Amino acid sequence: MTAERSDAIESVRTAFDDHLARADETAAVALVLDLLARGVSAEDVLLDLIAPAQAAVGERWVANEWSVAQEHAATHVSNRAVAALAAVTVVPDPPLGSVAVACPDGEWHTLPAHIVAEVLRLRGFGVRFLGAGVPTAHLISYLHQNGSDLIALSCMLAVRLPRMYRTIEACRLARVPVLAGGAGFGPDGIWARTLGADLYARTAVDAADLLAEQWPPPLTGAPALDHLADGEYAQLVGRRGDLLRHLVDHLHRCFPPMRRCADERHEAAVEDLGFLVDFLAAGVFVDDPRVFTDFLVFLADVLAPRGVPPAGLDLVVRALCEPLSDLPRTLTHLAAGRGRLERAGHTWTDA
Ligand code: B12
């Protein structure tokens, strides 16, 4: 991008943020179309305006400045801006090849995948965007019905890695190559390779460049999951209900904010505890404690502005050690979690 075009984007960023904050889709769409008219490429608008503005939307939710409703309204406007760019840009015909882009079951972060779909379409691929939460069985039927040359799978939540593995395996059996992407695949996409994805790209533009070099895409991915032979992941999944009950009881006894929780907040707390156990299991699945430690840091950032002491997380991690004492690999993840909380200053001290 030239300096002039980068300045053009920079000069409208505050206005675009403001349109998202007021959920003003007409103004947001007019703004992005005006940028195109001024010679900024659709790709630059997607990657350098809409993507960072959307990341800021999520950060406002984390900081408790915005409710989930405000976040959803703003996300809708971002999606409309992406769609508006799509409607006015001309793409080559016939397409270079056909790509399906999907978020697997349980994944709601649709905007990153939507941007990937749009950039690939701009670069000349025939793209079908399947959106959020596509169950694996339906995805496979769809691929057979529509004959895609490649499936691009987006994972923004590392907790979905075990489910993502089942999807990748199913695509492999269907002989459809998988391109993986999204922050949920970890630093440099390390867990995409663990799960056996054929290709990984960090951004939409990297994906388009990679496919331009490697088309037709290879079917060479191989999972590296031998550590699952110890059965610890299966144990964690099987004990999930008991672990949750144990944690809720423990927090009721030892963590005063849990006792004081109103109904709605109590439900959210139980949901967070469920996520915590699931992130632990996902880390054990790919054999990397960073899945768990990164989630603890995120949760600490969510809890603090909502008046819940993040040191409560240390109490939770400690409470998990006893019922999981027979799972040595899991214990190393819990120890890493405690270490990470300690470094962040979130250590629980018993009264
Ligand atoms: C906005 C947001 C939300 C919104 C989502 C709205 C929506 N409909 O999209 C809401 C508030 C709903 C939300 C909810 C949650 N979120 Co959230 N969210 C974010 C946030 C702030 C921005 C995501 C985004 O849109 N970024 C903008 C995109 C466009 O930028 P980008 O990532 O650079 O995009 C590129 C790459 O991702 C890549 N890419 C993406 N997919 C693919 C696919 C392929 C094939 C390729 C090649 C490339 C590729 O290409 C994109 C374009 O270049 C991120 C943090 C962040 N800064 O990214 C957290 C984040 C993803 N969320 C997180 C979490 C934990 C959650 C919740 C579990 C929180 C909770 N307790 O409820 C829920 C789970 C919801 C669910 N079931 O999916 C964590 C995930 C942590 C982890 N390690 O797994 C993150 C990373 C925040 C954090 N700092 O920890 N979230």
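Mentor: Two strands are said to pair if DSSP finds at least two bridges between them. With that in mind we can look at this predicted model, in which S154 has G181 of β4 as its bridge partner.

Trainee: What makes strand β3 (residues 150–154) and β4 a pair?

Mentor: Four bridges join β3 to β4, and the two run parallel; since at least two bridges are required, β3 and β4 count as paired. The chain crosses from β3 to β4 through helix α7 (residues 161–173), and this β-α-β crossover is right-handed.

Trainee: What makes β4 and strand β5 (residues 199–200) a pair?

Mentor: The two parallel strands are joined by two bridges, and because the rule asks for at least two, that number meets it. Within this pairing A180 stands opposite Y200 in β5, and β4, helix α8 (residues 190–195) and β5 form a right-handed β-α-β unit.

Trainee: Where do β2 and β5 stand in the sheet, and why are they called edge strands?

Mentor: The open sheet has five strands in the order β2-β1-β3-β4-β5, with parallel pairing, and β2 and β5 each pair on one side only. On the β2 side, six bridges connect β1 with strand β2 (residues 126–134), R128 being the bridge partner of A100, while β1 is also paired with β3 over four bridges.

Trainee: Why is the pair of Y233 and F285 called edge-to-face?

Mentor: Their ring centres are 4.8 Å apart, which is within the 6.5 Å required of a pair, and their planes stand at 70 degrees, which is over the limit of 60, so the pair is edge-to-face. Y233 lies in helix α10 (residues 232–238) and F285 in helix α13 (residues 263–286), 52 residues apart, and the pair therefore links distant parts of the chain. Both residues are buried.

Trainee: What makes R123 and E43 a salt bridge?

Mentor: The side chains of R123 and E43 meet at 2.8 Å, N to O, and because the cut-off is 4 Å, the contact qualifies. R123 also meets D209 in a salt bridge, at 2.9 Å, and this second pair links the loop between α5 and β2 with helix α9 (residues 204–213), 86 residues apart.

Trainee: Why is E43 called buried, and why is R123 called partly exposed?

Mentor: The relative accessible area of E43 is 19%, under the limit of 20%, so E43 is buried. The value for R123 is 29%, which falls between 20% and 50%, so R123 is partly exposed, and D209 at 36% is partly exposed by that reasoning.

Trainee: What makes H109 a donor of the cobalt atom of the ligand?

Mentor: NE2 of H109 is at 2.3 Å from the cobalt atom, and because the limit for this metal is 2.8 Å, H109 counts as a donor, the only one from the protein. H109 is found in the loop between β1 (98–104) and α5 (110–122).

Conventions. Residues numbered from 1 in each chain as written. Predicted model: local features only at pLDDT ≥ 70, side-chain atom pairs only at ≥ 80, totals over all residues. Heavy atoms only, no water. Right-handed = clockwise from strand over helix to strand, strands pointing away. Donors = N, O, S within 2.8 Å, 3.2 Å for Na, K, Ca; no water. Phe/Tyr/Trp six-rings, centres within 6.5 Å; stacked < 30°, edge-to-face > 60°. Buried < 20%, exposed > 50% of the residue type's maximum accessible area, 1.4 Å probe, protein only.
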